[in-house]
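My entries follow the order in which I went.

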Amino acid sequence: GTETEVAPRTAPAAGMVWVNTESKIYHYEGDRWYGKTKEGKFMTEEDAIKAGYRASKEGAPKAQ
């Protein structure tokens with residue numbers, strides 16, 4: 001199916017990253033996908049790294 005834009009969610013605390021639980025990539029605030037992927041959750045960057053997620057490449061569009 002086609003990727004649909006979802007309403008952005010707001011981080012519960014400042015400085016958190018948005019983890020895309022499907023692609024295992026996390027996005028920083030200001031990234032076009034921050035808070036906006038269908039599958040995902042907010043966590044601290046430290047927790048994201050510990051869980052094995054990796055940083056997005058400068059908000060590159062999600063590869064299909």
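Ground rules. This is a predicted model, so I took local features only at pLDDT of at least 70 and side-chain atom pairs only at pLDDT 80 or more, while totals for chains, interfaces and linings use all residues. Residues are numbered from 1 along each chain as its sequence is written, and side-chain values use heavy atoms, with hydrogens and water left out.

Confidence. I checked pLDDT, the predictor's confidence in each residue from 0 to 100. The protein chain averages 87, and 84% of the residues score at least 70. For the elements I used DSSP runs numbered from the N terminus: helices are H or I with at least four residues, strands are E with at least two.

Ser56. I found Ser56 in the segment after β4. Is Ser56 buried or exposed? I put Ser56 down as buried because its relative accessible area is 13%. I then looked for its contacts, meaning heavy atoms within 4.5 Å. Leaving out residues up to four places away in sequence, Ser56 touches Ile25, Tyr26, His27 and Asp31. With Asp31 there is also a side-chain polar contact of 3.0 Å. My rule for that term is a pair of N or O atoms within 3.5 Å; within protein, one must be able to donate a hydrogen and the other to accept it, and residues adjacent in sequence count only if both atoms are side-chain atoms.

Core. Next I looked up the nonpolar core, a set of buried Ala, Val, Leu, Ile, Met, Phe, Trp, Tyr and Cys residues joined through side-chain atoms within 4.5 Å. The largest one has 6 residues: Val17, Val19, Tyr26, Met43, Ala48 and Tyr53.

Salt bridges. I counted a side-chain nitrogen of Lys or Arg within 4 Å of a carboxyl oxygen of Asp or Glu. That gives 2 salt bridges. Glu46 pairs with Lys50 at 3.7 Å between the closest N and O atoms, and Asp47 meets Lys50 at 4.0 Å, N to O. Together Glu46, Asp47 and Lys50 form a network. Glu46 and Lys50 sit 4 residues apart in helix α1, about one turn. Asp47 and Lys50 are 3 residues apart in α1, so about one helical turn separates them. Lys50 is exposed at 63% relative accessibility, whereas Asp47 is partly exposed at 35%.

Lys24. I stopped at Lys24, in the loop between β1 (17-20) and β2. Its phi is positive, about 65°, although Lys24 is not a glycine. Most residues other than glycine have a negative phi. At 42% relative accessibility, Lys24 is partly exposed.

Glu39. Last, I went to the loop between β2 (25-27) and β3 (41-43), where Glu39 is found. Glu39 is partly exposed because its relative accessible area is 41%. Which residues does Glu39 touch, not counting those up to four places away in sequence? I noted Val19, Asn20, Thr21 and Glu22. Thr21 is 18 residues from Glu39 in sequence and 5.7 Å away, C-alpha to C-alpha.

Notes:
Buried < 20%, exposed > 50% of the residue type's maximum accessible area, 1.4 Å probe, protein only.
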